[in-house]
Amino acid sequence: LPNRMLFHDRLHQAILSGRREDRSFALLIMDLDRFKEINDTLGHHIGDLVLQQIAERLKTPLRRSDMIARLGGDEFAILLSPVHADGSVTKLAGRLEKALEAPMQCKGMTLDVGASIGVAIFPDDGIDATELVQKADIAMYVAKNAGLPLAFYDPDRDHNSVRHLTL
């Protein structure tokens, strides 16, 4: 998968294109559930093999216009462009979740890995790369803490907002 640097380059391109064409896109940040336990219990070598399987599974549900990258550790970023108000982001997130549904087979072991996904929409949730990544990350933690597979950025649930900080 592309790395963090290529992802940020593509994100900046998507922002410029979105501004120029007045078009929305979605940024999804995905964090794997139970991956730390795999690394801690079985070692990083097994964790790397699991990550390779996950990367292959996550590529399948994406459209040709979409991009997935590994940000580091067990965190992935997905650019969905374009997006429409027809629930396409929710449908794709469901396909990503389904792709991880079947347990991973690794060195004779069966391992269960899920994911929590946070979504930020350009330009509604942010107009630059830093803001979009931050908002998608916040949404991902909302999903993870609530035990949900997916959460869209919601300013009312953003405990890192300036308003919340000043209170």
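Phe25 and Phe122 are both buried, buried being under 20% relative accessible area, exposed over 50% and partly exposed in between, with a 1.4 Å probe and protein chains only. The model is a predicted one, in which local features need pLDDT of at least 70 and side-chain atom pairs count only at pLDDT 80 or more, while totals for chains, interfaces and linings use all residues. Residues are numbered from 1 along each chain as its sequence is written, and side-chain values use heavy atoms, with hydrogens and water left out.

A search through the whole structure turns up one aromatic pair. It's a stacked one, made by Phe25 and Phe122, at 4.9 Å centre to centre and with 15° between the planes. (Rings of Phe, Tyr and Trp, the last by its six-membered ring, pair if their centres lie within 6.5 Å; planes under 30 degrees apart are stacked, over 60 edge-to-face, and the rest tilted.) Phe25 sits in strand β1 and Phe122 in strand β6 (residues 114-122), so the pair ties together parts that are 97 residues apart in sequence. Strands (E, at least two residues) and helices (H or I, at least four) are DSSP runs, numbered from the N terminus.

Next comes helix α2 (residues 35-42), whose buried residues are Phe35, Ile38 and Asn39. They cover an arc of only 95° around the axis, which puts them on the same side of α2; the arc is that of the directions from the helix axis to the C-beta atoms. The face turned away from that buried side carries exposed Lys36, Asp40 and Thr41. Among what covers the buried residues are β1 (25-33), α3 and β5 (109-111). Just after α2, Gly43 takes a positive phi of about 100°.

How do α2 and α3 pack? Their axes are 7 Å apart, at an angle of about 140°; axes are lines fitted to C-alpha atoms, for helices over the stretch in contact, and angles run from 0 to 180 degrees between N-to-C directions. On the α2 side, Phe35, Ile38, Asn39 and Leu42 make the contact, and on the α3 side His44, Ile46, Gly47, Val50 and Leu51 do, contact being heavy atoms within 4.5 Å.

Phe76 belongs to strand β3 (residues 75-80) and is buried, with a relative accessible area of 1%. Not counting residues up to four places away in sequence, Phe76 touches several others, including Leu28, Leu51, Ile54 and Leu58. Leu51, Ile54 and Leu58 are among the buried residues of α3.
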